[in-house]
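Please look through the sequence and the model below before reading on.

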2 protein chains.
Amino acid sequence: MEHRKVPEHEAIYLRIREMILFGVLVPGQPVTIQGLVEVLDAGTTPVREAIRRLTAEGALEAKGNRRITVPELSLTQVEELYFARLSIEPKLVQIAVPRANEELTKHLREIDNHLNAAISEGDIEGYLKYNYRFHFALYEAAGAGILLALAQSLWLRAGPSLRGVLGRYANTIQPDQHDITIRALENHDAATACRAIEDDIRQGMDQVRQVLIFGDSATQNTVKSVLAD
Amino acid sequence: MEHRKVPEHEAIYLRIREMILFGVLVPGQPVTIQGLVEVLDAGTTPVREAIRRLTAEGALEAKGNRRITVPELSLTQVEELYFARLSIEPKLVQIAVPRANEELTKHLREIDNHLNAAISEGDIEGYLKYNYRFHFALYEAAGAGILLALAQSLWLRAGPSLRGVLGRYANTIQPDQHDITIRALENHDAATACRAIEDDIRQGMDQVRQVLIFGDSATQNTVKSVLAD
DNA sequence: TTCTCAAAAATATGATCAAATATTTTGAAC
DNA sequence: GTTCAAAATATTTGATCATATTTTTGAGAA
């Protein structure tokens, strides 16, 4: 069991999933089986099965014409994600807090250090990766598999659009909700931890909403100028 | 577009999905590709792809030994579903209420009439079908695809266990939350509609919880005695 | 230039088979 | 009866191909 061979379709699924989560695949982009086969140097059957799985999760969108794209979020969908994230993720935190131990908080601090380094270096993909890892290390500690799956589905839907946020707001100083969260965990203060995660979600989703309202043409320019530093 | 040919894998997915929702497939039951191929008189590829999709949605559970089963709900998972349903479904109702029109309430009444007939006849599968249809006719009216997908995923997870509830509680008189809901829709009274759905969810999930706590051996006997009427 | 139409190209879908993996059955020994 | 190993069986996984469907391309007409 420990050394169970991971089926190829699972490995491929995880790779495509990360491409979606971290904005390698962008909203509106068509996704084809053969395209992924070539990019990933994989077989068609595992890619097909991974795609089927990801469409079931809302991470990819099956169009009526047998084509598959990365979903684009409408404003009302952002509102839906906003609501759902605020419903599910703090609950995961609430469940996790009584279970938090030093190992967890230490692990979260490590991730957050990487995250802060990525911010300092203007490393967008690093930021997205460690932000995701921070959140899910915490949520996994809750041991609530169904809520966790819901949260992951929400992140998969939001992932490609989050990338559009970063150039625009990279210079914006936001209160560090992660640090607040970690301290609350150490104190087993569920209310503070939940509020910090809620505020973190609000900050992030407010920014996604802004980008959608004002468009992302200004965003592309500021991505370049930020990364030039 | 209107007469788009529906791929076989989608049609098969819908059929298996209903088997799960309405308790034809029971918790713990192994599910094999060849088994479904024979039951559904279908091809292996569409069945495989449907299974992959359903496991992604949590409706089926991939075990570490490459076997697939219908999930069994633990008590903590029931609590998770309880919380998630109470978070998501009333929100769908809240969004739907301002959009409710006479066509919708008429449609809901028709479904509810079928549901009540099924109850009178002791028709368990009919009950499950029309209960599902009632809820989702309402939720679909919200036009909130992401929240709808979350709700459907929750129902898929709970579906097989709901069947275990029915024999046990079929004689229990519960306030008819559906009728209350319809009337609230007619009056565009979102608060009442949401509360009715919340109460409906509580009634249902309390019963699932009870069955899990006390076991279902008594349930099987009462299924038989109820259906003998 | 635009529009139409047919052919070519791209892509998804389903079938089928072999290989890999896991479980069950069988038979022997104690 | 139990235990264990080997054989048989069941099942999943991945490859590969043919078929079906959709999009793109290019030629001709207006």
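## Basis of the description

This is a predicted model, in which local features need pLDDT of at least 70 and side-chain atom pairs count only at pLDDT 80 or more, while totals for chains, interfaces and linings use all residues. Residues are numbered from 1 along each chain as its sequence is written, chains are lettered from A and ligands numbered from 1 in the order in which they are written, and side-chain values use heavy atoms, with hydrogens and water left out.

## Chain A as a whole

Chain A has ten helices and three strands, where helices (H or I, at least four residues) and strands (E, at least two) are DSSP runs numbered from the N terminus. Read from the N terminus, the order of the elements in chain A is α-β-α-α-β-β-α-α-α-α-α-α-α. Of the 229 residues in chain A, 48% are buried, a word that stands for under 20% relative accessible area, with exposed meaning over 50% and partly exposed in between (1.4 Å probe, protein chains only).

Among the contacts in chain A with a separation of 6 or more, 74% link residues 24 or more positions apart; contact here means heavy atoms within 4.5 Å.

## The sheets of chains A and B

Strands of a sheet pair through backbone hydrogen bonds, either parallel or antiparallel. In chain A, three strands form an open sheet in the order β1-β3-β2, and the pairing is antiparallel. Because β1 (30–31) and β2 (61–62) of chain A stand at the edges with a single partner strand each, one side of each is left without a neighbour in the sheet. Two strands are taken to pair if DSSP finds at least two bridges between them, and β2(A) is joined by two bridges to the antiparallel strand β3 (residues 68–69) of chain A. Within this pairing, A:Glu61 has A:Thr69 of β3(A) as its bridge partner.

Chain B also holds an open, antiparallel sheet of three strands, in the order β1-β3-β2. Its edge strands are β1 (30–31) and β2 (61–62) of chain B, each of which pairs on one side only. Two bridges connect β2(B) with strand β3 (residues 68–69) of chain B in the antiparallel sense, and B:Ala62 stands opposite B:Ile68 in β3(B).

A residue is near a strand if one of its heavy atoms lies within 4 Å of it. DNA strand D is surrounded by 18 residues, of which A:Glu8, A:Thr44, A:Thr45, A:Asn65 and B:Arg66 are the closest. Sugar and phosphate make up 70% of the atoms of DNA strand D that come within 4 Å of the protein. The surface near DNA strand D takes its largest contribution, three residues, from α3(A).

DNA strand C is likewise surrounded by 18 residues, and the closest are A:Arg66, B:Glu8, B:Thr44, B:Thr45 and B:Asn65. For DNA strand C, sugar and phosphate account for 73% of the atoms that come within 4 Å of the protein. Here the largest share of the surface, three residues, comes from α3(B). By class, the residues near DNA strand C are four nonpolar, six polar and eight charged, where Ala, Val, Leu, Ile, Met, Phe, Trp, Tyr, Cys and Pro count as nonpolar, Asp, Glu, Lys and Arg as charged, and the others, Gly among them, as polar.

| Side chain | DNA atom | Distance |
|---|---|---|
| A:Arg66 | base nitrogen, DNA strand D | 3.4 Å |
| B:Arg48 | base oxygen, DNA strand D | 3.0 Å |
| B:Arg66 | base oxygen, DNA strand D | 3.1 Å |
| A:Arg52 | phosphate oxygen, DNA strand C | 3.0 Å |
| B:His9 | phosphate oxygen, DNA strand C | 3.3 Å |
| B:Asn65 | phosphate oxygen, DNA strand C | 2.6 Å |

## One tyrosine of chain B

B:Tyr127 is found in helix α6 (residues 124–140) of chain B, and its relative accessibility is 25%, so B:Tyr127 counts as partly exposed. Apart from neighbours within four places in sequence, B:Tyr127 is in contact with B:Leu115, B:Ala118, B:Ile119 and B:Leu166.

Definitions and conventions: A polar contact is a pair of N or O atoms within 3.5 Å; within protein, one must be able to donate a hydrogen and the other to accept it, and residues adjacent in sequence count only if both atoms are side-chain atoms.
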